[in-house]
Amino acid sequence: MPLKLTFYGSVDEVTGSRHLLEAGDMRLLLDCGLFQGHRKESIEKNKNFPFKANSLDAVLLSHAHVDHSGALPLLVKSGFSKRIHCTVETADLARIMLMDSAHIQAEDAKFFNKIHAETGERIEPLYTEVDVGQTLQLIDPHKYNEFFSLGEGLKAQFLNAGHVLGSAMIEIEADTPKGKRRILFTGDLGRQDTLIMRPPEVPPNINYLITESTYGKRVHEPTYKIEKELTEIIKKAALDNGVIIIPSFALERTQEIVFILEKLIRAGHIPKTHLYVDSPMAVNITEVFNKHLDSVSMSPKFKRYVTREGDPFGMETVRYVKDVEESKKLNDLPGHRIILSASGMCEGGRILHHLRNNIEKDNTTILFAGYQAQGTLGRRLVEGAKKVKIFGLKHDVRATVKMMDHFSSHADRNDIFWFIKKLDPRPLKIFLVHGDDENRTSLLELLKANGFDRVECPKPAEEFKLD
Ligand SMILES: [Zn+2]
C-alpha cells in the first residue's frame with residue numbers, strides 16, 4: 001500500500017498537534033490537539049479541520065495533554081465516529097483533561113460574553129461536557145508494546161515515550177510492495193534524566209521518524225539540582241514563617257513536586273511542613289497516578305522507591321483540597337506552609353486567590369516550576385513586575401519570586417540527538433515537528449553536521465510520499 005504523510009498542525013509551533021497518515025485507503029490521524037494562543041485566531045484554527053472528520057478511519061493519540069488531545073471532542077462533533085486508540089493510562093487521564101477543557105471553555109465564554117455585553121460580541125465554547133462524553137465512548141485503550149490491527153496489512157503499537165504518565169510513541173507497521181515499512185511518531189519525548197518517568201524506549205527497524213523538537217536548541221539543567229534548590233528555599237521560608245505558593249500544572253508537575261517534597265521531608269532535609277495541593281483536577285490526576293504505579297511509563301528507580309517507602313504522593317500526609325470553602329480557608333491559617341495550586345501560569349483558578357492574599361507580604365515566596373508564556377501573569381511576575389493586577393485590582397509585589405528552571409518533561413537537544421543516534425538502522429527520513437523555527441533549525445543543523453542528510457522540517461499542510 002502507498003504511504004503518505006501530511007503535517008497539519010504543530011509543525012512550526014508547539015500546539016495543535018495533528019498529522020495525517022494515509023496508508024492505502026486507510027486514513028489515520030496522529031493526535032488531535034488544540035491550538036492555543038490568541039483567542040480569535042485559535043478558535044478559527046481549532047474549528048476548521050483541513051480534512052473531513054468522517055473520512056478518517058481512526059485516531060491514534062500519543063498522550064493526554066490538550067495540545068495533543070484537546071480537539072478530539074471537536075472532531076467527534078464534526079462527524080468522526082470511529083475508534084480513538086491510546087494507552088490505558090492515557091484513557092484515564094484524557095477523561096479528566098477533556099472534561100476540564102470543556103469546563104474552562106464554558107467559564108471563558110461566560111466571562112467574555114459578560115464583559116462584551118454592551119457590544120453584543122459573543123463567543124461560544126468549542127465543545128461541551130456532552131461532546132466530551134461522546135468522545136470518551138470512542139476511546140479504545142491498549143497496553144504498551146502490544147500490536148493491534150488497524151486493517152489488512154496495517155497495525156500499530158504504543159511504546160513508552162517517558163514524557164508524562166501514559167505517554168507513548170506511536171509505531172505503525174504497514175505492508176508495502178517494498179516490504180514492511182515502520183513509521184514512528186514520538187509524540188512528546190521525555191528526558192534521560194527523569195524524576196518519575198522511564199526514559200523513552202528505542203525501537204528497532206524504524207524507516208520513517210516523526211520527532212518533536214520543542215527544545216531542539218536548549219540543554220536542560222540536571223534534575224539533581226532541584227532537591228538542593230528546593231531545600232534552600234523551604235528552609236529560608238520556614239525561618240521567615242512565610243507561605244510558599246507554587247503555581248503548578250495539574251498533570252505531572254504537581255506529582256513531581258509533591259514526590260520530591262515528601263522525599264525531602266522523609267529524609268529530614270526539610271522541616272515537616274503543612275503541604276496543600278489545592279486543585280480539584282490535580283487531586284483527580286494524582287489518583288490516576290496512584291492507580292498506575294506499576295505502569296510501563298514509570299521508571300524502575302521510582303518503582304523501587306514506592307516498594308520501599310510506599311505512598312509517593314503523600315495521600316496520608318499531604319492535604320489534597322477539592323472543596324472550594326476549604327480552599328478559601330487556607331489563607332486564614334497561620335505560619336509557614338506550602339500551597340500548590342493551578343493554573344500553572346496564573347491565568348485563572350484558585351492560584352489567583354492565594355496570590356491576592358499573600359503577594360504583598362515580604363515573607364511570601366512564589367515559586368514557578370514551569371514555562372511561563374508571554375502575556376500571562378506568571379510571566380510578568382517572573383520578569384520582575386513590581387505591581388500586578390489580580391481580579392482587576394492592583395497589588396504591590398513584595399513577595400520573593402523564584403523560577404526553577406530544572407523541571408521539564410520534554411527531551412532537550414542532547415536527549416533528542418541521543419534518541420535519533422540510537423535508532424538502528426538509521427531511518428530513511430526524519431521529520432522534525434512540534435518546535436518553533438529556532439529550535440527546529442538548530443536541531444536540523446546538528447543532525448546534518450552528524451551525517452543525517454535526509455531530514456525535513458515540514459511546512460503546514462505539506463505532503464510527503466513515503467517509499
Ligand atoms: Zn505533552
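The model is a predicted one. The protein contains 14 helices and 22 strands. Its C-alpha atoms fill a box of roughly 70 × 55 × 40 Å along the principal axes. For 467 residues, a compact globule would have a radius of gyration near 23 Å, and the protein has 22 Å, which agrees. Of these 467 residues, 44% count as buried. Among contacts with a separation of 6 or more, 74% are between residues 24 or more positions apart.

**Helix α8**

Helix α8 covers residues 280–291. At 1.5 Å a residue, its 12 residues should span 16 Å; the end C-alpha atoms lie 17 Å apart, which agrees. Buried residues in α8 are Pro280, Met281, Ala282, Ile285, Thr286, Val288 and Phe289. As a rule, an α-helix has 3.6 residues a turn, so residues three or four places apart point the same way. The cover over the buried residues of α8 includes the helices α4 (88–115) and α7 (253–266), together with the strands β13 (274–278) and β14 (319–321).

**The seven-stranded sheet**

An open sheet is formed by 7 strands in the order β7-β8-β9-β10-β11-β20-β21, with mixed pairing. The edges are β7 (148–151) and β21 (455–456); each has a single partner strand, so one side of each is left without a neighbour in the sheet. Helix α14 (residues 437–449) packs on this sheet and touches β20 (429–433) and β21. The direction of α14 makes about 160 degrees with that of β20.

**Strand β15 and its partners**

How many of the 5 residues of strand β15 are buried? In β15 (residues 337–341) the number is 4, so the strand is largely enclosed by the rest of the structure. β15 pairs with β12 (residues 243–247) and also with β13, the strand that helps cover α8. Strands of a sheet pair through backbone hydrogen bonds, either parallel or antiparallel. The table sets out the two pairings.

| Pair | Sense | Bridges | Residues standing opposite |
|---|---|---|---|
| β12 and β15 | parallel | 5 bridges | Ile245 and Ile339 |
| β13 and β15 | parallel | 5 bridges | Leu275 and Ile338 |

How values were computed: Residues are numbered from 1 along each chain as its sequence is written. This is a predicted model: local features need pLDDT of at least 70, side-chain atom pairs count only at pLDDT 80 or more; totals for chains, interfaces and linings use all residues. Helices (H or I, at least four residues) and strands (E, at least two) are DSSP runs, numbered from the N terminus. The radius of gyration is taken over C-alpha atoms; the globule rule is 2.2 Å times the number of residues to the power 0.38. A residue is buried if 20 or more other C-beta atoms lie within 10 Å of its own, exposed if 12 or fewer, and partly exposed in between; C-beta atoms are placed from the backbone. Two residues are in contact if their C-beta atoms, placed from the backbone, lie within 7 Å. The expected span of a helix is 1.5 Å times one less than its number of residues. Two strands pair if DSSP finds at least two bridges between them. Axes are lines fitted to C-alpha atoms, for helices over the stretch in contact, and angles run from 0 to 180 degrees between N-to-C directions.
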